[in-house]
Amino acid sequence: MGQDRLAKKRPFARRNAVNKAVAAPLSASVLEALARYDTPTICNAMEIVAPERRLIGYTTKPLVCPFPDLPPIVGYARTVTIRSVLQSGLPAAEQAKRRIEYYEYVGTGFGPRIAVIQDIDGADVGYGAFWGEVQSNVHKALGCLGVITDGSIRDIPQWAPGFQALAGSIGPSHAWVHAESFGGEVRVAGMTVRSDDLIHADSHGAIVIPIDVAAKLPDAAELCARRETPILEIARSPDFSLEKLKEALKRSAEIH
């Protein structure tokens, strides 16, 4: 598909009008409960409530996290594709209009939200950074908790406080970076995401949580912790032995 054709793709702006009138699919209390666990624990819990997703729905390639001490974030996806090696083929006025439409998409609908951005520059992925001081602060003001992207980011010292980032790389320039389309399906670091998908992320990576199992995950996470407890206790004990480990594994398997 040529650059001109890509540049002229219309954004999915009409989706915003629908989202404004639609209640969030999950209560705030469910999102708060999910945010109490790190992403690996959520992955463990998913193996219990949705074992068919053991090989799908989460990042499988490493991402850079400049803010590893920030807590987990949970929010609904705002999906975007970007590129930076080629200029946008749109006139300046149309580019400005598209930018407003993009911000309307990001800033409307139920929340909180997480920006999920795929860099479509192929071998040159990350050539130019869409994200830096300006975009992190703007997106935070629009109701986003963070960004997950296979592209690059910059301006780390000036980054919006508390705004999480998982990125493919860190670089100095934005080159010709611009949003190509938004509201569609994207794939970032092995994770396929659609607009409004529920995302859980921290410094380890991110996972898509199906809405119909989200409320079951906190209990499943607690079950995982209970099963790990006897194993960890003996592994950390000065009286550790192989026989005691075998006993602990047996006790763990009996916990339901």
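## Cysteines

The closest cysteine sulfur to that of cysteine 65 belongs to cysteine 43 and lies 15 Å away, too far for a bond. For cysteine 144, the closest cysteine sulfur is that of cysteine 65, at 16 Å, which is again too far for a bond. A search of the whole structure accordingly returns 0 disulfides (a disulfide being a pair of cysteine sulfur atoms within 2.5 Å).

Cysteine 65 counts as buried, with 15% relative accessibility, and cysteine 144 counts as buried at 3%. Buried means under 20% relative accessible area, exposed over 50%, and partly exposed in between, with a 1.4 Å probe and protein chains only.

## Basis of the values

The model is predicted: local features need pLDDT of at least 70, side-chain atom pairs count only at pLDDT 80 or more, and totals for chains, interfaces and linings use all residues. Residues are numbered from 1 along each chain as its sequence is written, and side-chain values use heavy atoms, leaving out hydrogens and water.

## Packing of H8 and H9

Helices are DSSP runs (H or I, at least four residues) numbered from the N terminus. Helix H8 (residues 217-235) packs against helix H9 (residues 242-253) at an angle of about 170°, with the axes 8 Å apart. The two are therefore roughly antiparallel (angles over 145 degrees).

H8 contributes Arg227, Pro230, Ile231 and Ile234 to the contact, and H9 contributes Lys244, Leu245, Ala248, Leu249, Arg251 and Ser252; contact means heavy atoms within 4.5 Å.

Notes: Axes fitted to C-alpha atoms, helices over the stretch in contact; angles between N-to-C directions. Parallel < 35°, antiparallel > 145°, perpendicular 65-115°, else oblique.
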